[in-house]
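User: Here is a model I would like to go through with you. I want each label tied to its definition.

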Amino acid sequence: MAKTKTVFFCTECGSETMRWQGQCPACKEWNTLVEAPASAPARAKKGGGAVASAARTGGGAAPQRLREVQGTESQRWTTGLDEFDFVLGGGIVPGSVVLVGGEPGIGKSTILLQVAARLEAEGRSTLYVSGEESALQVKLRADRLEGAAGEVSILPETELETILLRTAESNPNVLLVDSIQTVYTPELEGAPGNVGQVRECAARLQRFAKQTGTAVFLVGHVTKGGGIAGPKTLEHIVDTVLYFEGAGGLDNRVLRATKNRFGGVDEIGVFRMTAAGLVPVANPSELFLGERAQGTSGSAVVATMEGTRPLLVEIQALAAKASYGAPQRVSTGFDPKRLALLLAVLEKRAGLSFGQLDVFLNVVGGIRLAETAGDAAVAVALASSVYDRSVPTDAVFIGEVGLGGEVRPVGQMERRLAEAARMGFRVAYLSPRARPAKLPAGLRVVEVEDVRTLTDLVFR
Ligand code: TYD
Ligand code: MG
């Protein structure tokens, strides 16, 4: 037999190249290519090709009319952990593979153990494969969680073949693998956690899921640099990718769908880590606004959209006299280039001067403001800090700011306003073109054409 063929994988994006390069040709990251054996199916092809072998044995799937395909979309298994079900798009889809990524210690094992316990309570069988902790460690954790996890089957194992064998024997509805980076197959060279191993094991588990209808959850640690393959290398193999993130260094945790074949992307679920595990937060806006200081300058609120859900988020700005050298611009949770743009627009169109000021911008609660709907609130927070005048606490600002200083409408206005009204806000500053036909009770709209009118009206 010929020498095992090796290829190069990028530890960041997982793309494959035939030869080593300093920079990954796909994602342009530097020094991320590592050598690994080519995956097993690729090697198998050499012996005559898959087509030829399938033709010989008569095996494999046969074509079928779509209308003959069995099964409906409505078959989902809910966990009763509402925020988790919601992020998945309404529960677990049988035969799907879900990757749960996040930094070590963020709560991936905790939430999957809770999910397993809930599923057992709903009459679904589960198998929790632990490659990182012993059965006793998992049990001790389970004992602290709300809800009994006693029915969950645990298997401390890291070899893929054994995992597949035991899973096939007990035939659970849901298999949970914690973590994919500890699983390895002896068919491939290389230590567990290297890109080739992680990809091959994930691909085999994916095939297993599709064949048996078992839903599979994979835990994937996010690591910065280093030799372990991050979840990014798996994103295109799995059906759904959920990232678990901390929010603001507190006990808040945000679960975000970044890929979902069975639901919307960018949906978030919010949890709080407690002594009894993760508790869903039914009212995230309340959580993110909870710490808001009253009557201080430099704070404004926006109703942003996270997936299909509106969320009220506070933006804080601090503009302070620069002590030396070039003034600093630091932003957390907001695109620094967009901040630079808004500073220039405020300077040119609203007569504010930032030339001698350090500017710090922070989106509270660890939320990343990705949409432009936050521009107006950022502008108001900046102006508030420069004038050292506070913004009325019952005002919310929704709109994109253009280069001409004009305030532009953004989508989903009705949902945003409904959430603002629900959270007790009384006045919303918007573009005249953004005003919806019907306003929620208790909320009035102030129409603003441009940033100058906006700052004039708020701080007059
Ligand atoms: P864990 O689920 O082990 O994280 P991961 O699997 O992502 O590495 O969570 C670890 C942290 O969560 C640890 O610091 C302890 C804390 N924790 C609680 O606060 N309450 C709990 O009920 C549990 C189980 C963990
Ligand atoms: Mg863990």
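Analyst: Start with the term cavity: on a 1 Å grid over the protein atoms alone, it is a set of points where a 1.4 Å probe fits but cannot get out, and its lining residues have an atom within 4 Å of a point. Grid points are joined across faces, edges and corners, and the volume is the space filled by probe spheres set on the points. The structure holds two cavities of 30 Å³ or more. This is a predicted model: local features need pLDDT of at least 70, side-chain atom pairs count only at pLDDT 80 or more, and totals for chains, interfaces and linings use all residues. Residues are numbered from 1 along each chain as written, chains are lettered from A and ligands numbered from 1 in written order, and side-chain values use heavy atoms, without hydrogens and water.

User: What volume does the largest cavity have, and which strand gives the most to its lining?

Analyst: Its volume is about 60 Å³. Strand β13 (residues 299-306) gives the most to the lining, with three residues. Among the lining residues are Arg 292, Thr 296, Val 391 and Pro 392.

User: How does the lining of the largest cavity divide by residue kind?

Analyst: Six nonpolar, four polar and one charged. Ala, Val, Leu, Ile, Met, Phe, Trp, Tyr, Cys and Pro count as nonpolar; Asp, Glu, Lys and Arg as charged; the others, Gly among them, as polar.

User: What volume and lining does the second largest cavity have?

Analyst: The volume is about 50 Å³. The lining includes Arg 76, Leu 88, Asn 260 and Phe 262. It divides into five nonpolar, four polar and one charged.

User: What makes β7 and β8 a pair?

Analyst: Strands are DSSP runs of E, at least two residues; helices are runs of H or I, at least four; both are numbered from the N terminus. Two strands pair if DSSP finds at least two bridges between them. β7 (residues 174-178) and β8 (residues 215-221) have four bridges, in the parallel sense, so they pair. Leu 175 has Val 216 in β8 as its bridge partner.

User: Why are β6 and β12 called edges?

Analyst: The open sheet has nine strands, ordered β6-β5-β7-β8-β4-β9-β10-β11-β12, with mixed pairing. β6 (153-156) and β12 (277-280) each have a single partner strand, so one side of each lacks a neighbour in the sheet.

User: Which handedness does the unit of β15, α9 and β16 have?

Analyst: Left-handed; helix α9 covers residues 336-349. A crossover is right-handed if, with the strands pointing away from the viewer, the path from the first strand over the helix to the second runs clockwise. Four bridges join β15 (residues 329-332) to β16 (residues 357-363), and the two run parallel. Thr 332 has Asn 362 as its bridge partner in β16.

User: What makes the bond between Asp 178 and Ser 179 stand out?

Analyst: It is a cis peptide bond, with omega about 5°. Ser 179 is in the loop between β7 and α7 (195-212).

Definitions and conventions. On a 1 Å grid over the protein atoms alone, a cavity is a set of points where a 1.4 Å probe fits but cannot get out, and a pocket is an open set with protein on both sides within 12 Å along at least five of seven lines; lining residues have an atom within 4 Å of a point.
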